Amino acid sequence: MATEVIMPKAGMAMEEGTVVKWLKKEGETVEKGEPLLEIITDKVNMEIEAEISGTLLKILADEGEVLPVMTVIGYIGAPGEALPEEKNAPSTASETVVQSNPEAKAPVSGADLAADEATTGFEGGLRATPASRKLAREAGIALSRVAGTGPKGRIQKSDVEAYLADEGSAESTHVSALAKRISDAEGIDLSQVKGTGHAGKVMSRDVMNILDGTLSRQAEASDTVAANDSYVEPLSSVRKVIAKRMTESFFTAPTFTLNIDVDMTEAAALRERVKPRILAATGYKVTYTDIIVLMTAQALKKFPAVNASLVEGGIEYHNRVHVGIAVGKPEGLVVPVLKNADQMKLESIVSASKELIEKANKNKLKPDDMSGSTFTVSNLGMYGISHFNPIINQPNSAILGVSAIIDKVVAVNGEPCVRPMMTLSLTIDHRVVDGAPGAAFMQYLKQLLEDPYGLL
Amino acid sequence: MSIKKSDFKEMYKRMNEARAFEEKVSYFFARGMIHGTTHLSVGQEASAVGACMALKSDDLITSTHRGHSQVIGKGIDLNKMMAELLGKQTGYCKGKGGSMHIADVDAGNLGANGVVGGGHGIAVCAAITQKLKKTGKIVLCFFGDGAANEGSFHEALNLASVWKLPVIFYCENNLYGMSTPISKHMNIKDIYKRAEAYGIPGYAIDGNNAVEVFNKVEEVAKYVREGNGPVLIESKTYRWLGHSKSDANVYRTKEEIESWKEKDPILALEKYLVGEGLFTEAALKKVKQQAYDDIEAAVQYANESPNPPIESLLEDVYA
Amino acid sequence: MKEMTYAEAIRAAMSEEMRRDPDVIFMGEDIGLYGGAFGVSVGMFEEFGPDRVRDTPISEAVIAGAAAGAAVTGMRPIAELMFMDFSTIAMDSLVNQAAKMRYMFGGKAKVPMVLRCPAGSGTGAAAQHSQSLEAWFCHVPGLKVVTPSTPADAKGLLKAAIRDDNPVVFVEQKLLYRQKGMVPEEDDFILEIGKADIKREGSDVTVVVYGRMLQRALEAAEIVAKEGIDVEVVDPMTLVPLDKETIINSVKKTGRAIVVNEAVKTGGYAGEIAAVIAESDAFDYLDAPVLRLAGKDVPIPYNPDLEKAVVPSVNEIADAIRTVMNR
């Protein structure tokens with residue numbers, strides 16, 4: 001019988017660990033005591049040694065995957081040896097998930113449900129009626145994700161129905177965390193991915209294969225273009241909305257763009273200084289965008305003309321500063337809104353904006369999250385763009401384009417000096433804002449970024 | 001004849017207790033105060049009491065569904081018996097047995113039986129115990145004419161005979177197996193003759209004559225106690241009332257019933273005792289009154305007794 | 001249709017079949033002039049005479065044995081055991097003889113007999129006159145076991161049992177003898193043995209129940225209906241052969257099942273029905289554990305309060321329904 005490799009509990013309080021790196025591949029032999037993989041706990045990185053000698057038969061956890069302790073992450077045994085039925089949930093963790101984290105719904109494959117059913121001994125297993133199990137099996141839902149409302153927390157059919165209703169068009173594939181992140185980032189529909197992991201689990205390699213396939217198909221498609229001149233891809237609904245909005249904006253608003261170069265030396269220093277504290281407090285890294293949004297919000301308070309909208313009967317100057325953040329996604333642009341950004345400290349901006357971006361990536365943004373902006377920031381710096389003319393997100397009167405921070409030789413006090421330089425581009429609706437107030441806003445913003453402590 | 005004057009008094013008293021008891025039960029039953037069914041033995045008092053009086057107090061009996069006279073004859077706490085009839089906690093069976101299952105195992109009453117012929121095997125087995133343990137006790141097995149047609153009757157007589165067990169098979173032939181007259185359920189008139197088939201002695205007695213009953217049973221008991229094996233006694237008697245309280249007596253005539261009432265075993269004993277100059281009528285009247293008073297007291301005791309607690313439902317299933 | 005009691009319906013079934021088929025005879029203790037311990041056969045002795053309505057001695061072993069012997073030689077005997085409790089004495093004739101003849105003779109015999117067994121508690125007759133022993137007979141291949149719960153069912157099923165070529169244990173409910181109901185009068189009113197009847201349609205819970213408990217289940221269903229619970233009541237009517245399909249389909253519809261019987265719980269037929277549900281297609285539809293409601297595992301006590309507490313009450317059935325509904 002193959003021996004399980006588990007995510008070890010390496011400390012009293014340790015509840016989960018991350019697989020950093022497998023030091024052996026499937027099929028390789030390991031000696032007892034030989035490092036098998038590297039994990040990271042909430043405290044430290046550590047190497048896990050093989051508990052027995054044998055062949056690493058199966059790897060069940062992708063690198064990067066975060067798993068509860070005691071989860072089976074692989075098997076060691078004799079070559080060709082059959083694996084036991086999957087037990088990928090730790091014997092005590094399932095119920096915890098049900099109790100404490102009912103929202104955390106991860107889709108699962110049918111085969112995986114057998115594992116759920118195998119854990120019905122109630123020593124921490126799942127208590128569920130046959131009807132609920134059947135429905136979950138048919139719908140491809142992991143019962144461990146469903147909160148039971150029956151006696152002793154038993155999952156009833158109605159609980160699965162409620163889950164399904166809540167879930168809407170639930171994705172229905174059991175995936176590793178890494179595979180999920182990749183697929184989200186690349187816009188891959190996981191329900192179409194065939195999992196090759198244990199019990200049909202979708203692993204990152206499966207997603208990568210799809211991605212490779214897509215790329216090669218695109219390559220084929222371009223070949224086809226060469227052969228057939230062109231092909232038409234129908235507009236998605238998101239694409240249609242973007243097309244309509246942009247056309248409206250572009251053809252109704254007489255715009256011009258103001259560019260300004262900003263020395264980001266001090267902003268970078270600020271970022272480095274606050275990074276550990278904010279990470280500790282929020283769990284997120286502070287980004288340049290966060291700092292720029294902070295400063296922009298403060299600047300908007302001082303220049304209400306830029307924080308305005310053209311409405312019937314005149315120009316509406318907003319008392320509140322709601323900053324839209326453009327987030328590019330494969331299927332199209334979305335602009336979640338950071339409400340009352342001028343009232344926020346950097347720390348709040350970091351956590352609030354990260355949450356919005358995460359929601360955007362998971363397609364979880366609600367209409368509320370995307371409405372009411374008074375100004376928009378669009379950052380293309382990560383692509384190395386030096387400057388660009390963003391199109392205004394109506395009914396805003398202006399949009400700030402943020403380009404890459406690039407080390408440039410600039411004259412400082414008459415001496416050539418290498419500084420991290422960044423171009424900001426402000427596109428203005430000339431119906432609302434004239435060049436001068438726009439320029440003054442930019443000048444002030446530059447001043448804030450170059451001397452962040454000036455705010456104090 | 002070894003019967004003493006005090007024995008006659010006690011016999012007379014127990015027969016009156018039995019009569020009074022049945023009259024009281026009949027009264028209660030008609031008023032819905034007694035649950036279920038009950039089989040009254042009015043008319044059979046001499047047969048039952050006379051037989052028991054001839055036993056030693058520690059001898060054993062098995063009783064029948066028509067057993068009130070039998071167990072009263074054996075000597076019983078009337079209070080506990082009445083309480084059982086009323087289903088009370090203080091009853092012999094804690095209210096769980098009722099009329100058909102009065103038992104007092106410690107006093108040698110191995111229980112009335114709801115199953116016709118159910119006592120045969122028990123009596124045989126009880127007799128084996130006495131024989132093996134050399135207790136010197138004997139077993140008297142009450143049964144009716146109807147039970148003589150059950151397989152268990154034949155099996156029990158045969159086995160007791162072969163093993164020479166100390167049992168008196170005591171058949172109270174009241175002429176009807178429920179509604180079926182003996183003429184329709186067996187082709188003989190005398191059940192005692194079946195004894196011959198099993199190689200044991202068999203006797204018939206007038207079951208309405210308490211003195212005759214006593215004398216014969218006493219004689220037979222001595223024979224059985226000496227290790228000579230079982231004996232079958234047929235006590236010819238009659239029940240005045242229906243088989244059970246739901247019986248309309250359609251299968252027999254009023255005249256027949258009346259003719260047997262003229263052979264009332266209690267009156268017969270009274271006549272004998274007065275005639276022999278053993279007791280005055282006044283003395284017997286006093287004894288009879290005492291019997292009826294005792295029954296009234298038992299009724300009062302039973303009425304004042306608590307019902308069994310509902311938790312007791314699950315008790316005593318296993319030892 | 002005519003209103004009659006359960007006892008009258010049984011009498012009608014026997015009388016009709018005896019008029020129709022001269023091979024049908026009836027025997028038992030005190031069934032003649034007396035009319036049976038419960039008055040079921042009143043008047044039959046007068047109509048059919050002593051040859052065909054035969055009072056027997058108190059000899060249960062031979063009553064059942066004689067029935068088997070008569071049946072195997074071409075008669076269609078109906079035998080009455082005064083109380084089902086006395087079937088103990090008739091067991092050999094029934095279990096080792098009647099049930100097995102056909103099979104062990106290689107299919108060369110048939111044993112068309114009916115053994116009528118008044119069963120059940122509630123009469124104050126205590127431990128030896130109150131039992132529900134149907135499970136014993138269900139455990140003997142070769143016997144059919146029928147448990148009618150209404151006058152019409154009793155008539156239709158008894159006629160079918162008399163016409164059946166196999167030994168049928170016909171379990172009657174003593175406490176139902178006086179229950180009235182509308183009963184078809186037609187001579188050809190026959191209910192199929194092995195067919196269940198849905199006594200009440202519903203969508204939330206299936207209550208499988210037979211015998212005296214049916215009425216209680218129906219009352220319980222009305223009580224919980226006021227609480228918005230829609231109960232389906234399925235009466236199997238025949239325990240062997242069991243109409244599994246009707247039961248399973250009902251449970252598939254409702255997702256919840258309670259089995260109710262009067263007999264003691266341990267080793268009882270309710271357990272068999274629960275197992276049938278559990279191992280069937282219906283398993284995947286179950287949204288609650290299958291419950292059994294049955295008699296307590298004790299002999300029937302004499303005291304009326306204790307006796308009542310032994311078997312499931314209307315309230316207990318209603319509570320069980322609420323339990324499976326998580327109410």
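**From a residue pair to the chains**

A:Val409 faces A:Val418, which belongs to S18(A). This is a predicted model, in which local features need pLDDT of at least 70 and side-chain atom pairs count only at pLDDT 80 or more, while totals for chains, interfaces and linings use all residues. Residues are numbered from 1 along each chain as its sequence is written, and chains are lettered from A and ligands numbered from 1 in the order in which they are written.

Strand S17 (residues 398-412) and strand S18 (residues 415-429) of chain A are antiparallel partners, joined over 13 bridges. Strands pair if DSSP finds at least two bridges between them; helices (H or I, at least four residues) and strands (E, at least two) are DSSP runs, numbered from the N terminus.

In chain A, six strands form an open sheet with mixed pairing, in the order S9-S18-S17-S16-S12-S15. Strand S9 (255-263) and strand S15 (337-338) of chain A each have a single partner strand, so one side of each is left without a neighbour in the sheet.

Chain C has 12 helices and 14 strands. Of its 327 residues, 62% count as buried, that is, with 20 or more other C-beta atoms, placed from the backbone, within 10 Å of their own.

Between chains B and C, the contact takes 33 residues from chain B and 28 residues from chain C; residues are in contact if their C-beta atoms, placed from the backbone, lie within 7 Å. Eight residues of chain C are also in contact with nine residues of chain A.

How values were computed:
Two residues are in contact if their C-beta atoms, placed from the backbone, lie within 7 Å. A residue is buried if 20 or more other C-beta atoms lie within 10 Å of its own, exposed if 12 or fewer, and partly exposed in between; C-beta atoms are placed from the backbone.
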